[in-house]
Amino acid sequence: MTETVVGADWQTWQNSWDRQQEWYLPDREERFRVMLDMVEALVGPAPRVLDLACGTGSISDRLLKRFPGAESVGVDLDPALLAIAEGYFAGERRVRFVRADLKDPAWTAKLPHASYDAVLTATALHWLHSGELRGLYGQLGGLVRDGGVFLNADRMPDEATPRINAADRAFRHARRDEAKAAGAVDWAEWWQLAAADPRLAAPTAERFEIFGEHADGETPSAAWHAQVLRESGFEEARTVWSSPTDAMVLGLK
């Protein structure tokens with residue numbers, strides 16, 4: 001591993017998380033840009049946002065830098081990623097963090113507000129099974145205000161195109177192998193680094209007790225997401241961005 005972050009400041013840990021995620025998602029910044037474009041277009045430049053399954057606060061970071069009048073509430077269950085988020089945003093009064101399990105039907109009771117202009121999430125809800133995701137979308141139908149938006153950017157493959165999917169998979173893996181040879185840190189190595197940092201060792205151990213090594217959720221299609229959002233009280237829902245493997249679905253109340 002060529003990246004040394006053990007004992008580093010929170011900015012370095014935040015940057016390290018971004019680089020690790022970009023190894024898997026080279027178009028990550030593009031999806032964030034489109035996400036915030038849609039927020040501005042539909043609810044304006046000073047939104048109250050729920051950063052859902054926020055991790056280290058990647059969405060909140062870009063939100064607050066782009067919109068000085070925005071406010072964000074980040075919610076996650078991962079104690080290690082929340083430790084980085086809280087350290088990175090220390091002293092920032094426009095953001096706060098809540099630890100909650102999205103699988104718990106009562107998780108919304110921990111939130112500081114009853115409604116939000118926008119609920120945003122990226123590369124996170126694939127940890128849930130479709131039944132859990134359907135239940136979560138039903139709850140979001142009550143959290144997003146009328147005229148507000150929900151945006152989910154995640155893996156949403158189209159199983160109807162197996163040859164295209166196979167070619168894209170081979171291309172992506174070859175690119176990752178090249179980056180790995182040049183020193184890129186993958187998911188497993190990043191967590192090894194986190195476990196070696198005295199400030200993150202305990203929360204990292206707790207994190208793996210909660211989640212295990214890998215997600216066991218599901219990745220339904222973008223059409224499924226849009227349909228369930230409409231069934232959950234969103235007046236309109238459709239894809240607003242896509243790549244060969246991922247998509248971003250927007251629901252408008």
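Helices here are DSSP runs of H or I with at least four residues, strands are runs of E with at least two, and both are numbered from the N terminus. Counted in this way, the protein, which is a predicted model, has nine helices and seven strands.

**Overall form**

The radius of gyration of the protein is 18 Å, which agrees with the value near 18 Å that a compact globule with 253 residues would have. Taken along the principal axes, a box of roughly 50 × 50 × 35 Å holds the C-alpha atoms. Buried residues account for 50% of the 253 residues, and, of the contacts with a separation of 6 or more, 73% are between residues 24 or more positions apart. The protein exposes about 11,600 Å², and carbon and sulfur atoms supply 52% of that area. As for charge, there are 28 positive and 39 negative charges, and their mean positions lie 3 Å apart.

**Helix α4**

Helix α4 spans residues 79-88, and because eight of its ten residues are buried, the helix is largely enclosed by the rest of the structure. The buried residues are P79, A80, L81, L82, A83, I84, A85 and Y88, and they pack against the helices α1 (10-24), α3 (58-66), α7 and α8 as well as the strands β2 (71-76) and β3 (95-99).

A polar atom of the D197 side chain lies 2.9 Å from the backbone nitrogen of R199.

V119 belongs to strand β4, which covers residues 116-122, and V119 also counts as buried because its relative accessibility is 0%. Leaving aside residues up to four places away in sequence, V119 touches L50, L52, L140, V144, V149, F150 and L151. P105 is 14 residues from V119 along the chain, and the C-alpha atoms of the two are separated by 17 Å.

| Pair | Atoms | Distance |
|---|---|---|
| D197 and R199 | polar side-chain atom and backbone nitrogen | 2.9 Å |
| V119 and P105 | C-alpha and C-alpha | 17 Å |

Technical notes. Residues numbered from 1 in each chain as written. Predicted model: local features only at pLDDT ≥ 70, side-chain atom pairs only at ≥ 80, totals over all residues. Heavy atoms only, no water. Polar contact = N/O pair within 3.5 Å; in protein donor to acceptor, adjacent residues only side chain to side chain. Rg over C-alpha atoms; globule rule 2.2 N^0.38 Å. Buried < 20%, exposed > 50% of the residue type's maximum accessible area, 1.4 Å probe, protein only. Contact = heavy atoms within 4.5 Å. Areas by Shrake-Rupley, 256 points an atom, 1.4 Å probe, with all protein chains shown as cover. Lys, Arg positive; Asp, Glu negative; His and termini not counted. Charge placed at Lys NZ, Arg CZ, Asp CG, Glu CD.
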